[in-house]
Amino acid sequence: MKKTPLSHVHEKLGGRMVEFGGWWMPIQYTGIIAEHNAVRTSAGIFDLSHMGEFFIQGPDAEKFLQRLVTNDVSRMVDGRVMYTPMCNEQGGIVDDILVYRFSDQKYMLVVNASNIDKDFNWFNAYKGRQNLELTNQSETCVLIAVQGPKSVSILQPLTKTDLSAIKYYWFAESFCGDIPVLLSRTGYTGEDGFELYAAASQGEKLWELVMKSSKYKNLVPVGLGARDSLRLEASFSLYGNELDDETTPLEAGLGWTVKLEKGDFIGKEPLLKQKSGAFTKQLVCFAMKGSGIPRHGYKLYLNNAEQGRVTSGTFSPTFKKGIGMGYISCAEGKEGEELQIDIRGTKQPGIIAKRPFYRN
Amino acid sequence: MKLLENVKYAKTHEWSRRDGYEITVGLSDFAQHEISDIVHIELPAAGQRVEAGKPCAVVESVKAAFDIYAPLSGSIVKINQDLETTPELPNQDPYGKGWFFTIKPDNIEEHESLMDAAVYEKFAAEGKH
């Protein structure tokens, strides 16, 4: 079982620990609903150190990345963060990642915990004889997220960097106290906030520093349970649920991250074909009409014809009803349209919603 | 975990209390704590027949759905309507306001074969669920 640099902290805080994809992680501390609501109204602090961090450095770094991801790396400037899928030759998604540009010869990639080895092998397979160095720094990094409306007021006293100058999807190298930290204005909750990257050895110290700074501001430790309900309210996809090797970014509603005009990249041909032809499926978000709660794997119906399955479902603490995402066949599926979800043998109605359900 | 001495417990973590010719059924404190925030409960209908050891209700948390099993065979007499508007009652008061339903059992003597508090405490602590 893999443990993050903060596992000791979670146990001390009374975190309910579970095995998650080979990692020993807290699913909740005080309760999923309380933690979820704290992020929406004040702030929450998360341990995301299970995520992977790779560095790509060298003269061919930009060219290499440009070929592997669907979004346009050449349009990045220093300090920018970019969200992009990475596709295989059939246009299916290998992973969805964040790209950080330090310079045109130095990039950091942040990848899903479940895909660290897969992605590293993928990059190595395509590296060939290009002039670049690829390193996996996942074990040496700690990643702490602070998310919620009070995030800036909690973090600002810890750093001399003016946080209001770091805009959404930008980052800065700075310090919190005397700890070198990369401050990234990104997140997976639909709230304002930062993700803080630091050396693993500084993890506990950084966590304690943030907790101390948050006295009276209601900063709450948040586990993976609330992380999931928050991201689902914000209509963010999860690799393994909405995204996988057999699903294209166009089907997943990520067309905005696919820059077909940028030059060659892996998966371009099938994506071009798909864009001009018909998709076989599309991702929709829906909210339940009644009190039922949709769950991963439940069958979806449109006009009583079976369409597909729910990819993610939960009870939304903000909207106080069941919400979910799933794939339906493409010709149909407009906002406001009703679909049926088979919940333990009974078909219950839901309404296709505009994406995202929630954004602050 | 909170235990009441005058109730019996099933291996599936329901509590059962003799009330005249009926038994009242709910979710043990141990189970409500494991499940955590309950957001929705599906109850059987009054008059519905239930079989001992078979699922007859569903409790949902944010993350998952859990079956509730009838401790004895019989028919449902009363159901707790408050659970529809306040599903968190079993979290707050599992042995009082959080009761689920009552059953008129086929054979009330079978109640004696359920676990008493001391046995259940040991069983739950051993974590087999």
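## Surface and overall build of chain A

Chain A exposes about 14800 Å², and carbon and sulfur atoms supply 52% of that area (Shrake-Rupley method, 1.4 Å probe; for residues, only the protein chains shown count as cover). This is a predicted model, where local features need pLDDT of at least 70 and side-chain atom pairs count only at pLDDT 80 or more, while totals for chains, interfaces and linings use all residues. As for bookkeeping, residues are numbered from 1 along each chain as its sequence is written, chains are lettered from A and ligands numbered from 1 in the order in which they are written, and side-chain values use heavy atoms, with hydrogens and water left out.

Chain A has eight helices and 19 strands (DSSP runs numbered from the N terminus: helices are H or I with at least four residues, strands are E with at least two). Its radius of gyration is 21 Å, close to the 21 Å that the globule rule gives for 360 residues, so chain A is as compact as a globular protein of that length (taken over C-alpha atoms; the rule is 2.2 Å times the number of residues to the power 0.38). The C-alpha trace of chain A spans about 60 × 50 × 40 Å along its principal axes.

## What's inside

Of the 360 residues in chain A, 59% count as buried (under 20% relative accessible area; exposed is over 50%, partly exposed in between, with a 1.4 Å probe and protein chains only). Take the contacts in chain A between residues at least 6 apart in sequence: 67% of them join residues at least 24 apart (contact means heavy atoms within 4.5 Å).

## Rings

There are 15 aromatic pairs over all chains (Phe, Tyr or Trp rings, using the six-membered ring of Trp, with centres within 6.5 Å; planes under 30 degrees apart are stacked, over 60 edge-to-face, the rest tilted). In one of them, the rings of Y100(A) and Y197(A) have centres 5.5 Å apart and planes at 80°, so the pair is edge-to-face. Y100(A) sits in strand β6 (residues 93–103) and Y197(A) in strand β12 (residues 193–199), so this pair ties together parts of chain A that are 97 residues apart in sequence. Both tyrosines, Y100(A) and Y197(A), are buried. They also belong to one aromatic cluster with F55(A), F102(A) and F171(A).

## Salt bridges

Side chains of opposite charge can pair when their charged atoms come close. The structure holds 19 salt bridges over all chains (a side-chain nitrogen of Lys or Arg within 4 Å of a carboxyl oxygen of Asp or Glu). One joins D245(A) and K118(A) at 3.6 Å, N to O. D245(A) is in the loop between α7 (224–233) and α8 (268–276), K118(A) is in helix α4 (residues 116–127), and the two are 127 residues apart. D245(A) is partly exposed at 38% relative accessible area, and K118(A) is partly exposed at 29%.

Over in chain B, K78(B) and E22(B) meet at 3.2 Å, N to O. K78(B) lies in strand β8 (residues 74–79) and E22(B) in strand β3 (residues 22–27), so the pair ties together parts 56 residues apart in sequence. K78(B) is partly exposed at 43%, whereas E22(B) is buried at 19%. Finally, R295(A), R344(A), E42(B) and E60(B) are linked in a network of salt bridges.
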